[in-house]
Every structure is written in C-alpha cells, then in structure tokens.
Number of protein chains: 2
Amino acid sequence: MRSSVAFGVSSRARTLAQTGRPAAVWRLAGSLASFGLKDARQTASSSCQEQTRSSSSTASHSARRTLSIRAAMASNGAAAAAAADLRLVKLRAAMAAADGGQGVAAYIVPTEDPHMSEYPPDHFKRREYISSFTGSAGTAVITAEQALLWTDGRYFLQAETELGPGWTLMRGGTGSCPEINDWLADSLPEGSRVGFDPFCHTVEAVNKLKSKLQEKGLEAVPLLADGNLVDQAWGADRPGLPTAPLRVHAAEWAGASIQQKVDEVRQKLAGVKADCFLATTLDEVAWLYNLRGSDVPYNPVFVSYALVSLTDAVLYTNPEKVTPAVAEHLKAGGVVVRPYEQLVADVKAKASAKARIAMDMSNVSYAVFQAAEEAAAAGPRGRKRNAADAVVPAAAGGSKAVVDLVSPIVAAKAIKNGAELEGMRQAHLRDAVAICDFLQWLEAKIASGATLTEVEVDLELTGRRKQQQGFIEPSFPTIAGANGNGAIIHYRAQEGSCKTVDAKTLLLIDSGSQYDCGTTDITRTPHLTVDAKTLLLIDSGGQYDCGTTDITRTMHFGSPSEHQRRCYTRVLQGHIALSQAVFPEGTPGTAIDTLARLPLWRDGLNYRHGTGHGVGAALNVHEGPQSISTRYWITTPLQVGMICSNEPGYYEDGGFGIRVENLLVIKEADTEFRFGGATFMAFEDLTLVPIQTKMISAELLTASEEQWLDGYHKLVWERVSPLLADKPDVLAWLKRNTAPLKEQLAAAGAAAPAPAMAAV
Amino acid sequence: MRSSVAFGVSSRARTLAQTGRPAAVWRLAGSLASFGLKDARQTASSSCQEQTRSSSSTASHSARRTLSIRAAMASNGAAAAAAADLRLVKLRAAMAAADGGQGVAAYIVPTEDPHMSEYPPDHFKRREYISSFTGSAGTAVITAEQALLWTDGRYFLQAETELGPGWTLMRGGTGSCPEINDWLADSLPEGSRVGFDPFCHTVEAVNKLKSKLQEKGLEAVPLLADGNLVDQAWGADRPGLPTAPLRVHAAEWAGASIQQKVDEVRQKLAGVKADCFLATTLDEVAWLYNLRGSDVPYNPVFVSYALVSLTDAVLYTNPEKVTPAVAEHLKAGGVVVRPYEQLVADVKAKASAKARIAMDMSNVSYAVFQAAEEAAAAGPRGRKRNAADAVVPAAAGGSKAVVDLVSPIVAAKAIKNGAELEGMRQAHLRDAVAICDFLQWLEAKIASGATLTEVEVDLELTGRRKQQQGFIEPSFPTIAGANGNGAIIHYRAQEGSCKTVDAKTLLLIDSGSQYDCGTTDITRTPHLTVDAKTLLLIDSGGQYDCGTTDITRTMHFGSPSEHQRRCYTRVLQGHIALSQAVFPEGTPGTAIDTLARLPLWRDGLNYRHGTGHGVGAALNVHEGPQSISTRYWITTPLQVGMICSNEPGYYEDGGFGIRVENLLVIKEADTEFRFGGATFMAFEDLTLVPIQTKMISAELLTASEEQWLDGYHKLVWERVSPLLADKPDVLAWLKRNTAPLKEQLAAAGAAAPAPAMAAV
C-alpha cells in the first residue's frame with residue numbers, strides 16, 4: 001500500500017530489498033520515513049490520533065467531485081459535510097452487502113490504482129473521493145462506526161482541514177500511531193472480516209495484511225466480484241477512464257524498436273523458465289511499446305497492461321485510443337491490441353493452460369496474481385488449492401503459475417540508450433534557453449520595482465517553455481515558493497492566493513521531484529508575492545518530444561542575509577560533492593547520498609527528502625529503480641546510463657527554502673587506475689543553467705568547489721550561448737552569470753548598494 | 001549459515017534486514033560479498049567447481065586432529081590422505097543409519113557452533129575436522145558420492161591445498177557457483193532427505209533451507225536425536241569442551257551491575273509480552289553477567305547460555321568453571337548456575353508451562369527454537385502441531401512459544417557506558433606506550449642494518465604489550481605483513497616461514513579485524529623478511545583487564561616509491577574523512593563508509609573489506625550490530641557510545657599492503673545548529689599512535705586534512721608523552737613523530753639520503 005510511505009515503510013521496503021526487487025521501492029517517497037522516525041516524532045504533534053474539528057472550514061469541498069480538485073475547493077462547505085456523510089452511508093451499505101451478503105467489518109481504501117501509479121487518473125481516486133483528503137499519500141479505513149485516514153507528517157495540516165466531520169486523522173510516522181494492519185488486528189473483534197479491492201493492493205501488501213490478521217484470528221477478504229465498494233458509493237459522478245488518443249514516441253528518440261525491447265524481455269523469460277511477462281506499471285508499457293499518452297497530467301502514460309510471451313506481444317488498453325498511426329506502429333512492432341478489461345481473463349486462460357507467468361510482486365495487483373493462481377489450481381495442471389489463502393508469495397515456492405521476477409523493463413528503461421541520452425541532452429538545451437530567458441526577464445522585472453505573484457512566476461516560466469520546440473507540457477506542477485513558501489517542500493502556488501516576488505525575495509524554483517508534488521498537493525499556506533526582498537525557490541520541468549527536464553534554482557533579488565547565504569553555500573557544497581563523486585560499479589545511490597548532506601551535517605543542518613531520483617526519457621519525471629537518498633534499504637546499484645537528479649536543499653519553516661537541482665547522467669569515469677578491473681563511474685551534468693553566485697559565501701568554498709562552479713558555468717556558456725544569438729539581453733545575462741566566481745563577486749562588489757542592505 | 005558470507009550473503013542478510021534484526025548481520029564479514037560479485041569473479045578463477053589436485057602436497061595435515069592446527073601442519077601427508085577417506089567413510093555410515101535408520105542423502109557441516117561464534121572452540125570445529133580445510137569460512141556438504149566444500153575467494157588457494165582427494169571445491173561468489181541450498185535442491189533426486197545438526201544452524205537458515213528443498217520436493221531433516229554425525233566419525237579424538245575457569249570482570253570496568261543489566265533485559269520483555277529472554281551468543285552472556293573466560297583464543301568468552309526471566313537469571317555453563325569468587329559474584333547478582341547441557345530441557349519445561357520465550361532468530365539455533373515449539377505444542381497449552389514443519393518463523397505469527405526479539409543485550413553491549421569508555425581509553429594509553437616503544441625499537445633496529453622476520457616483529461610487539469598493566473592476551477593474531485604479504489588481508493606470519501623487515505620494507509601492522517584472521521587462517525604464501533626495503537603492515541591488538549585495542553600502522557623503513565606514497569595518502573585521506581565525519585541520528589555506518597573510500601575511488605582504487613567494525617569493551621574485538629562497510633543491507637544506526645574501527649586500506653597483490661586503523665568512539669557533535677532537534681554525532685579517536693609521515697605525499701593533502709593530522713599528532717603527544725618519562729629514546733621518537741607535518745617533512749628533507757634512493 002502506498003500509505004506505507006510514512007508508517008509502514010520499513011517493513012515493506014525491507015521485504016522488497018529481501019526479495020531482491022528494488023524496482024518499486026524508490027516510489028516509497030516518504031520524506032519522513034527516509035529520515036528516521038525520531039525526526040518525524042519531534043516535528044509532528046505528540047498525539048497520533050486526533051479527531052478533526054468539525055468547524056465549517058473543514059468541509060471546503062464540493063459534494064460532487066469533479067475532474068478539477070481546484071475548482072472543488074471554492075465550493076460550498078455545508079453541502080460537502082452532508083455529502084461526506086452520505087458517501088460513508090453508501091459505502092457502509094456496500095460493506096454490509098459485500099461478498100454475497102457475508103459483509104465486511106472494515107474496508108481499506110488506499111491511494112493506489114491497479115498500476116500502483118504515483119499519480120493515478122481521477123477515475124481511480126477513490127481514497128480522495130471517500131475522504132475528501134486530496135494529499136498524494138494516505139489510506140482510508142472505514143468500519144461500521146469509524147472512518148480513519150492515515151497519512152504522514154507532510155499532510156497533517158492539510159488532512160485536518162480537508163477531512164470531514166466523523167473522520168479521524170491517524171498521524172502516521174508519529175511514535176504512538178499504529179500501522180494500519182496492526183490497528184485492524186488490534187481494534188476489530190476476533191473473527192472480523194476485512195475487505196479490500198484486490199486490484200489496488202500489491203501481492204506483497206496483501207500477504208502482509210493476511211499474515212497480520214491471521215495472527216489475531218481475523219480474515220482478509222479480497223472483494224473481487226463486488227468491484228471496488230467506493231465505486232458503488234460514487235455512482236454516476238465517478239469520472240470515466242481517460243480516452244485521450246495515444247501517440248507514437250519517435251524512433252529517433254526511443255533508440256530501440258519495439259522488437260528489440262520485446263526480445264530483451266524474452267531473453268529474461270528463458271532465464272527464469274517463464275512463458276510470459278506481465279508489465280503492470282504504466283511507464284513500463286509506454287516505454288516497451290514506444291508509445292505515449294495523456295491519461296495523467298504531467299506523466300505521458302496511459303492506462304494499460306503489456307503481456308509479452310515468447311511468441312506474442314499484447315497491449316491491453318482502450319482500443320479507441322489507438323489511432324491509425326499508432327495501429328500501424330504497433331503492427332510493425334508485432335504488437336496485438338486487446339481491450340484493457342480483457343487482461344484478467346487472458347491471464348486466467350494462460351494460467352489454466354499451464355503457462356508460467358512472470359510478474360513483479362512488488363508492483364502487480366493481488367487481483368491479477370490471484371486470477372493466475374486460481375486458474376492454475378483449477379486448470380488441467382494443478383491440484384485444487386485456494387490461492388487466496390497462500391501467505392507465502394510465489395518467490396517462496398508457493399506457486400506454480402506465477403514466477404516472481406523483478407521487472408526487466410524497469411531495469412532496461414532506467415539505463416538510457418544513446419538516442420535517449422541525446423534526446424535528454426536536447427531537451428535540456430531547449431529548457432536552458434527557456435529558463436535563462438525567464439530568469440533574465442524576472443531579474444529585470446523585479447529590478448524595475450515590480451512585484452509579482454508566485455502564480456505569475458509560474459505562468460511566465462511555463463510560457464517560455466511553450467516557445468521551445470517539441471514542448472508538450474510541464475513534467476510536474478511548478479513549485480515557485482517565495483520566502484516561507486519555499487520551505488514547504490510540496491508547495492504549489494494557486495491562483496488568487498500566492499506570494500509575490502520582488503527584490504527582497506529568496507526564490508526557490510523547482511518542481512517537486514520526489515516530493516509528491518502532484519496536482520493534488522494543495523496547502524493552506526497563504527501565498528506570497530515576490531519582490532526585491534524575496535528568496536525564491538523555483539522547481540520546474542518540461543516534457544519535450546525528446547526528453548524530460550527537472551531543475552531547481554533558488555535566488556534572491558535583493559540582498560540575502562548572511563545566514564541565508566551560509567545555508568545556500570552548504571547546499572551548494574553538497575550539490576557539488578555529489579556532482580564530483582566517483583564510485584565503482586555496485587555502489588547504490590544511498591552510499592553517495594551522504595556526500596550531498598555532509599556539508600550541511602557539519603553545521604547541524606539537513607533536509608527531509610531524498611537527494612536524487614531517477615528520471616524517464618520523455619517519460620515520468622520520477623522513475624526507479626535507483627534512488628540517491630537516506631532510504632538505506634534501496635540497494636539498487638547505480639549504472640552507466642542512468643539519470644538521477646541532484647537536489648540537496650535546506651528549509652526553515654516560515655522562513656525560506658533553498659534547493660539546487662540539476663539532472664545528472666552516469667558515465668564511465670576516466671580514473672588513473674581500475675582496481676580489480678572494476679568500472680568506475682562519474683556524473684555528467686545535463687542541466688545547463690547558471691547558479692546564482694549572489695547566494696554564495698565564497699569564503700566557505702574550497703578551491704576544488706570553486707573550480708567546479710567555474711567549470712560548470714563555462715560549460716553552460718559554451719553550450720547555451722550559441723542558442724541565444726537572437727536574444728542579446730539574455731545572452732548578456734548569461735555572460736554575466738557564467739563568469740568565474742571571483743569575477744562575478746568583484747562585479748557585484750563594484751555595483752553593490754550601501755552596506756546597510758546586507759543586513760536585510 | 002556462516003558460509004553465507006560469500007555466496008548466500010545477500011539473501012540471508014536481506015532477510016535479517018527485513019525482520020529488523022541487524023544484530024547478527026555485521027558478522028557476515030565476507031569481504032568479497034560486501035563488494036559486488038564482479039570483483040570476486042574477476043579475481044577468482046572463472047570456474048566455480050574445481051576438483052582439487054590429489055598431489056601429495058594436498059594432504060599436509062595430521063590424520064589425528066590435535067588442539068593445535070599449527071602443529072598438525074607439519075605432519076605426515078600420506079597418512080592424512082588415507083585418514084581423510086576414513087573420516088568420510090565413517091560419516092557416510094552415520095548418514096545411512098541416521099534418524100532411526102531412515103538415513104539422509106546429504107549432510108551439511110557448517111562452520112557454526114551452537115552459539116554462532118565467529119571463532120568456535122576446537123570442540124565445535126566439525127567442518128574443519130571433516131574437510132581438513134582450516135579457513136574461517138566454509139560449509140561442507142557430504143553425499144553418498146560427493147564431498148564438497150563451499151568457501152569464498154579469500155580461501156580458494158588455501159582450500160585447494162588443504163582439501164583431500166575426493167573433495168570438490170565450490171568457489172562461492174563466482175558467477176557459476178550455485179548457493180548451497182540451490183545445489184542441494186537441484187542435484188539430489190526428488191524425495192531426498194537432507195540432514196543437518198539443528199544446533200549449528202539458525203532458525204532463519206533452516207527456514208530458508210526448508211523452503212528451497214520443499215520447492216523441489218526434497219526434505220530438510222534436523223537430526224536432533226542422532227547428535228552431530230561428524231562427532232560419530234571423530235570419535236575419541238575430538239577435543240572436549242574447554243574447562244578453563246571463569247573470572248569476574250571488575251565492576252570498575254563493567255560500569256553496570258548484573259542486576260542493572262538484567263533489569264534492562266526485563267524491561268524489554270514487558271514490551272514484547274515475553275516471559276524470558278534466551279541469550280545464545282557467548283559475548284552476550286559474558287557481558288550480561290560481568291564474567292570473562294578463555295575458551296577461545298583472543299576472545300575472552302566461555303561456552304554458555306543465559307536465560308533471564310522476570311524473576312530469575314540463569315547461567316548455563318560447566319559448573320566446574322565457576323570458582324568461589326565467581327560463585328560469590330553470581331550469587332550477589334542473583335544469578336543461578338545450571339549445567340550447560342540442561343538448557344534445552346529447561347527451555348522445554350518453560351515452553352510446556354506456557355511461557356513465552358524471546359529469542360533472536362538470527363542467532364538462536366534451530367534446535368533450541370524447535371525444542372520450545374514442540375514442547376509448547378505438546379504441552380497443556382497448545383494444540384498439537386509439528387513445529388519442525390513450520391516454514392514461517394515466529395515473527396510471522398507461526399509460533400506462540402517463541403517471541404522473535406532482536407537481542408536487547410547486543411544493543412546494550414554496543415553502547416558503552418562511562419566506565420567501559422574509561423576502560424577503553426586506559427587500554428589505548430597502555431597500548432600506545434607499548435606500540436611507540438616497539439616502533440622506536442623497530443626503526444632503530446632496521447636503521448642499524450638488521451633484518452627481521454615477520455614473526456620476530458610480532459614477538460617484539462607482543463612482548464612490549466605484555467609489559468603493560470592488565471594485559472591478558474592479544475585481541476587477535478597479529479598481522480605483520482612485509483611487502484607482498486601486506487596485501488594478503490588475512491595474513492599471519494608463522495614460525496619458520498616469514499618475511500623479514502628491513503629498511504626497504506613497507507610494513508603494514510594490523511590484526512585482521514573483520515577479515516576473519518583467526519588462528520586457522522593459514523596461507524601458503526612464503527613469509528618474508530623486513531628490512532630497509534620493506535613496506536610493512538602491522539595490524540595488532542590487545543586484551544587488557546579494562547579494554548580491547550585494535551590498531552594498524554603501515555610504514556616504510558627506507559624510501560617508499562612515489563606510487564606507494566600516493567596510495568598511502570589516498571588511504572590516509574579516507575581515514576581522515578571518516579574521522580572528521582559529522583552525521584545525524586539514524587545514520588547507518590554504510591552511509592558514511594563512502595567517505596573513507598572516495599579519495600581512493602577518485603583514483604580508481606578500492607579495498608575489498610569493510611571500513612569499520614564494532615569493538616567490545618574488554619570483550620571480542622569484533623562485535624555488532626553496527627558496521628561501517630559496503631554491506632549496504634546493514635542499516636543499524638550508529639549511536640553515541642558505540643566504538644568502531646576506522647581502517648581503510650589498499651592492497652596490490654604480490655606488491656604491498658596499506659592500512660591505517662584507529663578505533664573511534666561516537667560522541668555528540670557540537671554543531672552550530674541542530675536541525676529538527678536531531679542529535680548530530682562525531683568521532684573521537686581512541687587510538688593514540690603516530691601516523692608515519694614519510695608515507696605521505698603532502699601535496700595531495702588539503703589544508704583541512706593536514707590540520708587533522710597535526711591536531712591528531714598533537715593529541716597523541718599530549719596524552720602519551722607523560723607516560724614515557726622513563727623512556728627517553730621513545731619520548732624523543734614520539735616528539736619527532738608527532739611534530740607538525742611540515743616540520744617533519746622539513747626535518748626529513750634535511751636528513752634525506754641521495755635523491756637516487758627515492759626511486760627504490
């Protein structure tokens with residue numbers, strides 16, 4: 001369950017590590033979980049379970065869920081409170097009638113969809129519908145008397161505000177808060193039946209649930225025939241599955257044909273004596289078949305499965321999405337299209353015909369696994385056995401139909417081929433042009449005395465990206481956080497209530513990266529303006545036809561304080577240390593995460609998020625299996641061709657946020673020696689945008705760090721300046737901002753205002 | 001199984017990590033395993049399975065195993081070959097007759113004893129007896145036709161030499177070598193029974209074996225009633241259990257009474273609703289009851305168990321070892337002594353009386369676990385069930401009698417109290433006096449033109465330790481490796497065949513630490529002499545009444561080459577980086593291991609062993625649960641009061657070995673800020689012996705590194721010089737060798753011989 005991010009993460013992640021299946025672990029983004037529970041405890045309220053206030057402000061949502069959460073936020077509160085009750089009334093009726101009238105005493109509603117997506121389509125947002133809680137991580141549990149929502153420390157305030165009366169917030173990650181499975185086992189009477197939709201839980205999650213409930217004499221009941229019980233309550237208001245047409249990802253940028261990719265999968269099948277492999281996560285399918293879609297904002301994927309056997313390759317999706325061009329592309333690749341809903345029946349047919357189906361237990365839904373197992377048991381081959389009762393997953397020998405296999409597609413997708421790398425380089429050049437254009441404009445605007453809102457900052461930046469060739473959409477919602485808003489890691493400015501940027505602002509510009517910053521991450525923080533007093537963080541990224549970008553810059557438009565500059569310099573030193581790292585094959589990202597934190601740690605500073613996530617090539621901005629973070633259980637080795645973000649930060653609540661983020665590609669290092677014949681690796685920066693030197697306390701930098709910075713800026717100038725020939729102002733800005741550090745500081749000193757400004 | 005070090009380590013260690021039980025993982029020392037298999041593959045022969053030659057040199061062992069392996073080595077070879085056969089003949093007869101005549105098709109003989117000791121007493125060295133292989137890591141499997149030994153790359157050469165005719169060496173860690181469980185499952189016919197002594201396998205290991213064998217229709221058979229089948233073959237020649245008397249560990253150095261320690265365990269029992277805790281590893285028992293023994297060389301422990309209930313505390317050991325003083329000490333602490341052999345019966349009695357017994361599944365033998373489970377099932381409480389068939393361990397809910405609990409004693413023992421720390425500081429001061437005295441003597445001796453053997457180096461060093469107050473014995477066999485022998489990580493010089501040390505030697509002085517360098521690690525490398533051309537590595541340590549030491553210094557007595565100095569400087573830079581680390585609570589040792597390697601990695605260099613192990617206070621020189629290493633699955637957080645070694649190195653086969661090792665204690669760091677209220681930690685050096693500056697390429701050091709070195713030497717001078725008042729030569733040596741780096745280099749430059757020497 002996704003909710004494991006904050007409260008059950010250790011055990012789940014460790015299981016994944018144990019089974020040698022890191023493919024999905026990186027998605028357990030939980031910043032708190034990755035950071036030791038003590039921190040979480042210290043920063044969160046001491047009481048885990050807190051009845052939310054039933055003030056009118058807690059019901060600020062429309063009863064009718066529409067496709068736009070944001071639109072819903074402005075609607076009538078009282079109606080929502082009543083409707084929230086009605087939702088629960090209907091769900092409880094469905095619970096009582098479930099499983100042929102046997103009923104269930106509790107029903108679990110996780111965030112996950114059947115593809116364990118980080119960002120599910122609205123169609124699958126059952127937890128959000130039933131609880132009104134829009135955060136990206138959380139699990140609801142409904143019993144006859146209670147309605148509870150588990151989430152983690154990032155969302156306590158938001159959940160308190162959004163949950164209706166009658167809901168209880170379970171403050172996951174705080175010491176006193178039980179994990180969901182423990183709560184169920186300990187709170188419900190012996191003999192109770194706990195229902196869940198087997199499409200929305202992985203095999204691993206269900207095995208854990210079963211084991212825990214069995215221990216206390218309770219029963220876990222996968223409700224397959226009933227469908228999802230929330231859908232019964234949701235009724236006609238539930239959004240349909242998206243129907244946007246697919247598009248072909250050009251061979252120029254894909255770099256490998258469907259046939260080549262499918263053949264690679266087939267080779268893996270031989271190794272594990274399986275007849276076929278089922279890919280269940282959406283970016284796997286998109287990558288495998290060189291297709292892109294738009295079923296989810298920012299993620300160019302589409303609702304689908306892929307089943308590759310030794311002879312066939314099938315795409316399960318809505319056939320209406322298949323344009324003639326896509327049909328031709330698939331035909332050429334030897335891929336057959338079958339309806340999305342056909343998948344389970346086909347899996348059953350294969351299993352009962354004795355096929356051995358490889359799946360990744362950390363990603364595949366229990367429903368699909370169960371279908372295969374039951375069909376195999378009932379089929380001509382196996383003796384009759386009740387697969388639903390199997391506690392031991394396939395890997396431990398409990399199954400003949402299902403082969404547990406770490407997805408070979410996830411691994412292949414992570415290691416970019418030459419064309420993918422070239423596409424990523426192209427995308428970053430185009431992105432650099434847009435961002436330099438934007439930053440030059442922003443600086444000039446604020447210098448002219450203007451005050452901007454955070455939303456205007458976002459619009460101006462995105463507008464310049466749109467001018468670039470091949471731009472499709474942002475790769476995630478821009479985070480433009482002024483001063484204190486920069487400290488809210490999953491902040492998103494919204495129309496009508498955002499900070500303005502001016503010359504007193506420290507601006508952090510980024511786009512959330514692994515911080516679960518999807519459309520649904522709405523905070524209640526008052527938005528600020530940006531001016532000459534602002535420290536502004538901007539985290540943003542673009543989806544281009546050829547690649548995906550993700551960059552954060554933090555800048556001040558007036559005179560940052562000494563403390564801000566010290567903190568910024570520590571962040572930058574971490575950024576540089578990671579960028580300069582050299583490491584041998586076999587090294588996981590967790591082993592080099594420390595390099596990015598050490599300069600902060602020496603001052604007693606830190607940040608509560610990972611340092612680097614994988615990035616897809618013209619695909620999801622967050623992908624696995626690698627992770628540079630303190631999620632120490634992720635031991636996937638870094639490999640040549642992988643792309644990672646490098647984004648250390650530092651945040652002071654209510655004060656400011658700092659983050660410096662580039663994307664890096666891993667290449668072979670040119671070391672003097674090669675001990676034991678090992679391949680040594682190093683990083684190459686893909687991102688090519690200046691780092692604001694005004695924020696640097698130069699006296700804290702070592703000679704080597706200054707050399708890195710000057711070298712980086714030289715590279716930025718060489719690569720980006722040829723593309724700015726038609727923009728003399730931007731070119732001059734780039735020239736100034738890529739000069740050696742000492743030159744920039746001397747120029748700033750000469751142009752500096754009265755010393756009194758430095759104390760701002 | 002201990003043999004998992006090299007070939008099964010990932011899966012076992014990951015299981016441990018999953019169950020949140022890191023207590024025992026640190027012991028999986030395997031340097032190769034910790035390093036990515038590719039290295040191991042590249043350095044090892046490409047073929048896993050290699051029939052050893054049956055030349056006469058392969059049987060250089062006495063047929064009669066005596067207490068002294070070394071004595072045995074000189075004996076008649078031909079007799080041994082014949083006896084080896086006889087041993088197998090007898091074992092196979094026992095296998096055929098086992099389990100009431102049902103017999104077993106294969107029998108597994110691991111290195112482990114019933115206490116999962118790193119160094120078992122001779123009484124328990126069954127694997128060594130049956131295979132003649134004396135390495136510290138390996139598992140034998142005997143079938144009707146075959147006799148196989150799995151070991152890892154450190155021991156391939158040694159195993160080839162030692163294994164008799166008819167034995168097959170399984171080169172663990174090489175790509176083509178199956179893990180033992182897989183080999184059994186794949187090689188034996190369906191229905192085969194695989195026997196093992198349940199006292200010598202952990203519960204976790206047996207569960208894995210059962211699961212794998214079941215998958216292929218084979219059966220794992222714990223042979224309890226038969227006793228260990230190797231013992232039947234061994235017969236009267238088998239050494240008895242050691243009978244050396246116990247001694248009281250003085251309260252002055254223990255710092256906590258038995259009562260206090262036992263009470264701490266009892267508090268943990270309440271938390272897991274258990275009635276008692278069973279401690280099964282020998283250093284746990286010694287620490288808990290403030291006792292020491294001498295059943296195993298170098299490790300001051302004794303064969304025993306401890307069982308702590310809410311009302312009682314029992315020591316299971318040979319009552320003959322209990323002197324009157326020890327008896328009084330135990331009585332005062334409320335501890336009852338019962339015979340060692342009584343443990344299983346007592347566990348059964350408790351289990352059948354419905355007691356819930358807490359044990360650490362990663363340490364406890366399957367025999368003890370099984371005894372509890374069967375008694376509980378047969379007793380008045382439980383329904384009848386066959387515990388031997390339980391694949392799921394207690395933690396997963398399969399048991400009512402046994403509670404799986406990470407040993408609270410291991411955790412408490414790792415975090416030293418004030419008295420233990422004071423004892424460790426005292427021990428290191430005494431050790432510093434001995435080592436400075438020795439190094440001054442050694443330098444002078446070689447400068448006078450003398451040539452020494454490596455054994456003489458060891459004897460002189462140990463002789464000086466013996467002069468120190470409270471010295472008991474070395475904490476491990478000294479590694480004094482000249483030139484190429486310094487590159488053999490588990491090297492031990494033996495009488496009659498060792499390198500001499502002279503002014504051309506780079507000498508590495510250390511004592512093996514986590515490198516499995518026990519008495520049995522005998523290599524066939526010709527031993528060398530030490531002179532002015534020697535680079536000498538000396539790794540050594542002492543057991544004192546108050547504490548335990550472990551130090552490595554590497555030095556040259558003439559003019560080291562540029563390459564040697566560069567490599568040494570990289571090692572020292574790693575050593576300094578780790579020593580200077582600052583990190584927040586929750587950080588595991590694996591996260592800072594990188595700091596020690598990065599200076600080497602940048603040059604494409606590395607070392608195939610861990611960087612730091614825990615050290616007991618007047619106890620075993622290797623202890624858990626923490627580990628600073630590339631064993632990334634060990635995520636035990638470092639904590640204030642833990643002691644770790646800091647020992648990066650670099651080794652060139654046949655050339656030279658470099659290692660610089662200090663012991664460190666973790667203390668609270670005095671950082672400028674404390675983000676999130678977290679405790680930040682830093683290291684303090686316990687070891688106080690100069691680092692040879694002749695080996696340093698000063699131009700490679702940063703200002704910060706030079707500052708560390710000068711500060712360290714200043715500290716050494718301040719602490720150690722007052723103790724050398726009666727040794728003016730040594731005091732003068734210390735003065736010279738603790739002067740600031742620039743002064744030392746200037747002095748060396750002034751005294752330097754003709755430049756031509758530098759090319760040596």
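The legends below describe close-up views of a predicted model.

Residues are numbered from 1 along each chain as written, and chains are lettered from A and ligands numbered from 1 in the order of writing. Local features need a pLDDT of at least 70 and side-chain atom pairs count only at pLDDT 80 or more, while totals for chains, interfaces and linings use all residues; side-chain values use heavy atoms, without hydrogens or water.

**Figure 1. Overview of chain A and its confidence.** The model scores ipTM 0.84 and pTM 0.85. Chain A contains 23 helices and 30 strands, which are DSSP runs numbered from the N terminus (helices H or I, at least four residues; strands E, at least two). Of its 760 residues, 65% count as buried, where buried means under 20% relative accessible area, exposed over 50% and partly exposed in between (1.4 Å probe, protein chains only).

**Figure 2. Helix 22 of chain B.** This helix spans residues 728-737, and its buried residues are Val730(B), Trp733(B), Leu734(B) and Asn737(B). Seen down the helix axis, these buried residues fall within an arc of 100 degrees, so they line one face of helix 22 of chain B; the arc is that of the directions from the helix axis to the C-beta atoms. An α-helix has 3.6 residues a turn, so residues three or four places apart point the same way. Pro728(B) and Arg736(B) are exposed on the other side of helix 22. The buried residues pack against helix 17 (418-447), helix 21 (703-720) and helix 23 (741-751) of chain B.

**Figure 3. Thr738(A) in the loop between helix 22 and helix 23 of chain A.** Thr738(A) is buried, with a relative accessible area of 8%. Its side chain reaches the backbone oxygen of Leu734(A) at 2.7 Å. Beyond four places in sequence, the contacts of Thr738(A) include Pro690(A), His713(A), Trp717(A) and Gln744(A).

Figure 4. Gly624(A) and Pro625(A) are joined by a cis peptide bond with omega of about 5 degrees, and Pro625(A) lies in strand 25 of chain A. Thr636(A) is in the loop between strand 25 (623-628) and strand 26 (643-646) of chain A and counts as buried at 7% relative accessibility. The side chain of Thr636(A) reaches the backbone oxygen of Pro625(A) at 3.5 Å. In chain B, the peptide bond from Gly624(B) to Pro625(B) is cis, with omega near 5 degrees.

**Figure 5. Charges over tyrosine rings in chain A.** The charged end of Arg87(A) sits over the ring of Tyr129(A), 5.3 Å from its centre. That of Arg597(A) sits over the ring of Tyr607(A), 3.9 Å from its centre. The criterion is NZ of Lys or CZ of Arg within 6 Å of the ring centre and within 35 degrees of the ring normal.

**Figure 6. Lysines with positive phi in chain A.** Lys273(A), not a glycine, has a positive phi of about 55 degrees. Lys273(A) lies in the loop between helix 11 (258-271) and strand 9 (276-279) and is exposed, with a relative accessible area of 67%. Phi of Lys354(A) is near 75 degrees. Lys354(A) lies in the loop between helix 14 (343-352) and strand 14 (357-359) and counts as partly exposed at 45% relative accessibility.

How values were computed. Contact means heavy atoms within 4.5 Å. A polar contact is a pair of N or O atoms within 3.5 Å; within protein, one must be able to donate a hydrogen and the other to accept it, and residues adjacent in sequence count only if both atoms are side-chain atoms.
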